[in-house]
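Take a look at the model below. We will go through one interface and then one surface patch.

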Amino acid sequence: MTTINLSQPLDTATRPDNYLTHTRGFMSWAFTLDHKRIGVMYMVSVLISFFVGGVFALLVRTELLTPGQTIPGVTADVYNHFFTLHGAIMVFLVIIPSIPAALGNFIMPIMLGAKDVAFPRLNLFSYYLWLFGALFTVSSLLLGGFDTGWTFYTPYSTTTPAGGVIPALTGVFILGFSSIFTGLNFIVTVHKLRPPGMTWFRMPLFLWAIYATAIIQVLATPVLGITLLLLIVERAFNIGIFDPSMGGDPVLYQHFFWFYSHPAVYIMILPAMGIISELISVHAHRHIFGYKFIALSSIAIAIFSFLVWGHHMFTSGQSPLLNTLFSLISFSVAIPSAVKVFNWMSTLYKGNIVLNTPMLYALSFLVLFTIGGLTGIHLATLNTDVHLHDTYFVVAHFHYVMMGSALIGMIGGLHHWWPKMTGRMYNENLGRIACIIVFIGFNVTFFTQFFLGSQGMPRRYYDYLPEYQIYHVISTIGSYIMASGFLLTAYYLLASLFGGRIAPANPWGGRSLEWQCASPPPFDNFATQPRVGDCYDFTAIRWDEKEQGYVTDPALDSTKNSQFAAKNLH
Amino acid sequence: MSHTATTSHETGGKTPGAHPIVGHLVPTWLLMFVGTSLLMLTVITVAVRYIDIGEFNIVVALGVALVKATLVCLFFMHLRWDRSFNTLVFVVSVVLVLLMMAFLIMDTNQYRALQFDGNAPNAEATLQANAPGAPVARFKPYSP
Amino acid sequence: MTTLQTQPGHADDGHGVHDDAHDVAHGSAEHAKYPFLQHHFDTPYHQFDSAKLGMWLFLATEVLFFGGLFVAYAVLRNRFPEVFSYSSHYLDTIMGGINTCVLILSSLTMALAVRFAQTNRKKGLIICLILTFMGAIGFMVIKYFEYTHKIHDNLVWGTTFYVPPHDAVGELEAKELSVAPTTSITLNPVNPAVFAVPTLAPIPAVDASAIKQASRAPVGLATPTQMAKAEGLPTGEHDPSFAHPATHLVDKKMPANSHVFFAIYYAMTGLHGVHVLAGMVVIAWLLKRAIAGDFSSDYFTPVDVGGLYWHIVDLIWIFLFPLFYLIH
């Protein structure tokens, strides 16, 4: 401990060449083909978008403190713009790209043992598509904004006088292609760039999750593309495919939209589940329980995700036959989800649990995902859904899943791989405190909304009856608590860049390949071909006082002599 | 590695008539044959349009299109010799489109009976009472 | 038939060691021999195989992208079967047939181009790429004539279908239509809780004169003739000398909602046309590289992959053709 120089700058000549110091200057980043740099660029952009989306969330919550107008100048119309932007930014700019594009880009090829993704130029192109899509979406603010909600339901979206609808739709269309190309790249990478010894069932579970996500990205997002294109044409030229007064069918739009957007929910949650599998196993120092079940349940969820879109439309006039069918299949999604949760619980059982920040986030995930998942059952039930549809119950449910699970998983992953990405350790105590603040704030905000919704408060409303006010006040206070937790997180993570302890190659005792290369990783990821073994076998991992990190004990390392160490397979 | 090329690229990769080191070389006659078949099928399918065989018109038209598409995929796009995984990717995408189509047709057929053009049943009366003078569209239930 | 490449068997079955998994030791020698080989691939086959998988995934996204439109087509045709079978006769089957043949021929030349690239025949490759490009131009030219003809006859999308812009009155109205929101939800000033419903067009069969009353509302479910009457346009019913280009407005047999057919027709063929244009850019780029001599039997992946894209454009047209032009 005494040898650590806390004032050492981020990139010094004393440290070995890494991807951050390999080349220098703005252009070396703007035109980089290195998956790690692209991942970092995504991460920065996503976190900025998260901040912007968060500001809109706080504005929405503040406005709802009292019935009627609360913030001077925020009329019902402005409020509509606020929640629409909050939703669109958080879904399309933050959650969808956060784990696959940001963390996935950085970690996935290293974890796989590859030098890069299969198509590095396409990877950079996706990033720029993301950037242009984001600019379009946000520029719609200057062009009159859009107040359709992130779902762009017809006929409102084709008739609203708000001027920014078409730019926003174009932006989301472009973002969709960014997502498609990322997914395409990852599928090819997983298929073709695995080193010798890295068989399908030796891949870390994060890779399985990313792979399942990529399948959904590739197969669902094009339908969103064509839907938005038709909506643009419908709005601009009134062609009459979705417009009922022109012989079109607005329910058709909802079918189209949810054919993408339901799988999109799994684009958000699946990679988070992958991260949780890593976090729980590494920080409990115990072999993951039921590896194959977790891996295959990811694929099962990916397949199910295409068969449940109609559960968003139970009250839209969808036929009773499809309602029943979709309700049934929606219930079955609980099976692979529960397989995962039970396996994580079993992994924790008798593990050496270290309650550091990533683990706290993983445990938060388990709690929040269980609540989010189980309330989904209420909404998948046809008759209760009639009562709960479009109320705050739905809002609370999908925030538990999309924020409480997907985003919390992403932030947990960010803490887990932060030493690898930056080469610095953050302040562990502040990390734990921030995690607990976020957890408390989250539950105060959204658990309250279950009560609000089951008592009948509709979502997206500007005004409400006075009897709902107490819940709104509690929920708003919760959102402030949560925001302070995130601000604290931003503070200590940024501070770690300048004054953090130098990270060892393996700070947590992980066994997968990214912990075998230095922190931060060298430009080419691996100087020599990494040895692939069982990435959840922690028997050979030992704490090293001099390294201030974990090392592999050569005496116990089963991959040392036999590269294909078949006996380690479970 | 699976790569077992026996070609002589060392002797100069630019020799006309050299063999590719990767991929499949489709013989010219086969390409010509497939091209001609596609043209013939087009002529046939246009001719069938002018004969009334009732429901079968669309069946024939789409059947011929399916045969043509299969020919293009197998021979022009080399799927016949390609990895089966590529075929799987392609087939899955088509299956998803068909799945969506089947669900949507099933759905629209069912709720069509409940659809009507214009206002909800008692909208007119409600509007007359609460909003005199508001523009009211006329209502007539859907009758197929 | 020469198979130079033993196709790896079921490499992706998840058991055992992968035969397409890469190998660093093997890689370095290959990189010296093949300058086109990227640093993260080990052999030309490895690179080629990855590119092919990537392209097939992209083609799958294209299928789903168009698939949305095919689904919309199926739903609309299922809802208005009479519209589709009737309006289809306004399309020119012969022109569509010629276009199909042009695309098939250009697909054939593209397949031949791949073969020429594989066998190092640079001249053949260039000629085939030029022929393919010409095919694409031919397709677009025929499509241009079809479109201009339709637009001249006012067989267009949306409300304009019923209001020929050639007409002085029509022009004015068309402008108004494009500015005013087509349906408007108005708040009742007396009791804001009550919304007046959108001013939908009534069923014209009941009372054609009512259409005039809701004249700025969308035209909804009227037959073209009824609409023309309601708009006060000359329908030529009593005037045999009348020669309006928008003949569908005097076609009494044309069913209601016929604009839907043309809407989906323009949507699908238009998107396909955009893909043809993109294909032309791809072919032009391949041509430039072929002339520069970038391709050989060692390296022809861009020709192969560009060819796959061109074939999918052909493939989509193979389905569009019967769905629009060949409805009996």
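How much area do chain C and chain A bury between them, and what share of it is on carbon and sulfur atoms? This is a predicted model. In it, chain C and chain A bury about 4200 Å² between them. Carbon and sulfur atoms carry 70% of that area. The size of an interface is often given in this way, as the accessible area lost when the parts come together. Residue counts give another view. Chain C brings 51 residues to the contact, and chain A brings 50.

Now turn to the polar side of the interface. Between chain C and chain A, six residue pairs are in polar contact, with both residues at pLDDT 80 or more. The rule finds one salt bridge across this interface. C:Asp49 forms a salt bridge with A:Lys192. Their closest N and O atoms are 2.8 Å apart. On the side of chain C that touches chain A, helix H2 (44–79) and helix H9 (259–291) of chain C each supply at least two residues. H2(C) provides the largest share of that side, with 19 residues.

Next, the surface of chain A. A nonpolar patch of about 540 Å² is made by A:Val44, A:Ile48, A:Phe51, A:Val52, A:Val55 and A:Leu487. Which helix gives the most to this nonpolar patch? Helix H2 of chain A, residues 35–63, does, with five residues. A:Val52 lies in that helix H2 of chain A. Its relative accessibility is 32%, so A:Val52 counts as partly exposed. Patch residues need over 30% relative accessible area, and A:Val52 has 32%.

Definitions and conventions. Residues numbered from 1 in each chain as written. Chains lettered and ligands numbered in written order. Predicted model: local features only at pLDDT ≥ 70, side-chain atom pairs only at ≥ 80, totals over all residues. Heavy atoms only, no water. Patch = residues over 30% accessible without salt bridge, like charges linked within 9 Å, V, L, I, M, F, W, Y side chains within 5 Å. Areas by Shrake-Rupley, 256 points an atom, 1.4 Å probe, with all protein chains shown as cover. Salt bridge = Lys/Arg side-chain N within 4 Å of Asp/Glu carboxyl O. Helix = DSSP H or I, 4+ residues; strand = E, 2+ residues; numbered from the N terminus. Buried < 20%, exposed > 50% of the residue type's maximum accessible area, 1.4 Å probe, protein only. Contact = heavy atoms within 4.5 Å. Buried area = accessible area lost by both parts, 1.4 Å probe. Polar contact = N/O pair within 3.5 Å; in protein donor to acceptor, adjacent residues only side chain to side chain.
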